[in-house]
Amino acid sequence: MSETATQTSAPGEARDPRLDGLRGLAILLVMLYHTTHYGLARTALDEALTIVPSVGWSGVDLFFVLSGFLITGILLGAKESPTYYRAFYARRVLRIFPLYYATLVFFLLIVPRLPLFAPVDYFWNPGANREQVWYWLYLSNVQAALTGAWQHRTLDISWSLAIEEHFYLVWPFVVRRASERRLLQICAGTIVAALGLRALLVATGASPLAAYTLTPCRLDTLATGAAIAILARRPGGLTALARQARVALPVAFGAFAAIQAWIRLSQPAVAGYDAITLQVLQLNNDPLMQTIGFSLLCALYGALLVQVLTAPTGSRRARIFETRWLRSFGTYSYAMYLFHFFIGFLAVSLFTPGDYPRFYVPAQIAFWILAIGVTWLLARASWFLLEAPVLRLKRSFPYWPRS
């Protein structure tokens with residue numbers, strides 16, 4: 001999610017704007033998931049409004065597929081570059097570190113000292129300052145897995161950024177040394193191993209957060225995107241994958257929806273806003289979801305990626321992902337991801353759909369507009385004030401020496 005839409009082969013090629021649209025869909029799913037008040041739904045119409053948001057957590061998996069695809073495409077295109085490692089890591093640092101560490105400074109060092117956000121434990125475990133090192137070192141996913149609990153109200157989402165960072169650290173070395181055939185074998189092995197590890201953790205009674213947040217458990221989505229990038233370089237490119245994707249997309253979607261429905265229907269009924277909300281937010285902790293469900297997301301979002309990128313120009317599918325507002329969400333998705341949790345908490349202090357129980361649908365829509373709209377505005381400001389100026393420094397780290 002920290003990757004901007006970029007070229008899929010050799011550095012310098014034009015990028016497909018639909019990738020920004022896909023990233024826009026991913027961040028929209030995640031924000032809907034975190035800003036929906038599930039426990040207030042009473043009627044069938046109310047419940048219908050929460051169906052898509054309740055699976056919005058899977059937007060992170062779409063981010064992973066996109067990152068695997070984009071990063072692998074960049075690395076393959078620059079594989080023979082004399083500045084391969086230097087350029088890649090310098091560009092990654094410029095893209096990721098400034099905003100991430102600025103966010104850490106704000107939430108870990110500034111917010112706890114502001115009376116406005118007292119009590120401090122609303123955002124951070126009291127007396128746990130020594131635990132900040134997990135965030136500074138991109139290990140928050142490991143901390144969540146080891147403790148079996150989230151630690152910080154607004155920084156817990158950094159678990160997925162940690163996984164991507166681990167991928168960035170290792171994958172360039174693999175790509176540089178392996179043939180494309182061997183890379184495909186590694187991707188296939190990774191996909192199988194991730195499922196096997198998740199199944200093992202589930203079977204041994206490990207914390208659900210372990211299978212959800214540990215890097216080896218979630219590498220299958222990144223490997224799926226990487227495999228698509230490798231296959232895209234073969235004769236026929238992505239077009240050769242279009243037929244399989246056309247079949248895989250509805251099959252994977254139907255199977256995933258069936259699993260989601262089965263889990264929800266098999267859960268015991270609960271009452272109360274907090275209980276219902278917690279039940280919905282823990283759907284991704286179900287053993288069936290953490291094993292087969294996560295693997296289905298690889299197929300679902302991998303097929304979606306292929307289908308979108310191979311859609312004929314002017315087709316409805318192409319136009320959807322070329323929509324300006326969706327592409328803008330994709331452009332600003334990194335900051336939106338880091339900011340939206342915090343903005344959602346602040347928005348609750350103004351109003352919630354619970355203030356209007358008889359008008360849940362319009363109230364929830366109004367809350368989405370408020371929380372997501374403010375997040376977009378702040379992310380846009382972040383882009384122009386911090387991210388874009390820093391990204392201009394990328395020109396100092398070309399993959400190929402200037403002639």
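In this predicted model, helix 1 (residues 17-35) packs against helix 4 (residues 59-77) with an axis-to-axis distance of 7 Å and an angle of about 155 degrees. Angles over 145 degrees count as roughly antiparallel, and helix 1 and helix 4 are therefore roughly antiparallel to each other.

**Helix 1 and helix 4**
- Two packed helices are described by the angle between their axes and by the distance between those axes.
- Helix 1 and helix 4 cross in a left-handed sense.
- On the helix 1 side, the contact is made by L19, L22, R23, L25, A26, I27, L29 and V30.
- Helix 4 contributes G59, V60, L62, F63, L66, F69 and L70.
- Sorted by class, the residues of this contact are 13 nonpolar, one polar and one charged.

**Nonpolar cores**
- The largest nonpolar core has 105 residues.
- W57, F69, W171, L305 and Y337 are the residues with the most contacts inside that core.
- Leaving aside residues up to four places away in sequence, W57 touches Y33, Y212, F256, N284, M289, F294 and L297.
- A second, separate core has five residues, among them L201, A210, A211 and C217.

**Y138**
- Most residues other than glycine have a negative phi.
- Y138 is not a glycine, yet has a positive phi of about 55 degrees.
- Y138 sits in the loop between helix 6 (133-136) and helix 7 (140-147).
- With a relative accessible area of 4%, Y138 is buried.

Technical notes:
Residues are numbered from 1 along each chain as its sequence is written. This is a predicted model: local features need pLDDT of at least 70, side-chain atom pairs count only at pLDDT 80 or more; totals for chains, interfaces and linings use all residues. Side-chain values use heavy atoms; hydrogens and water are left out. Axes are lines fitted to C-alpha atoms, for helices over the stretch in contact, and angles run from 0 to 180 degrees between N-to-C directions. Helices (H or I, at least four residues) and strands (E, at least two) are DSSP runs, numbered from the N terminus. Angles under 35 degrees count as roughly parallel, over 145 as roughly antiparallel, 65 to 115 as roughly perpendicular and the rest as oblique. A crossing is left-handed if the near helix is turned anticlockwise from the far one by less than a right angle, and right-handed if clockwise. Contact means heavy atoms within 4.5 Å. Ala, Val, Leu, Ile, Met, Phe, Trp, Tyr, Cys and Pro count as nonpolar, Asp, Glu, Lys and Arg as charged, and the others, Gly among them, as polar. A nonpolar core is a set of buried Ala, Val, Leu, Ile, Met, Phe, Trp, Tyr and Cys residues joined through side-chain atoms within 4.5 Å. Buried means under 20% relative accessible area, exposed over 50%, partly exposed in between (1.4 Å probe, protein chains only).
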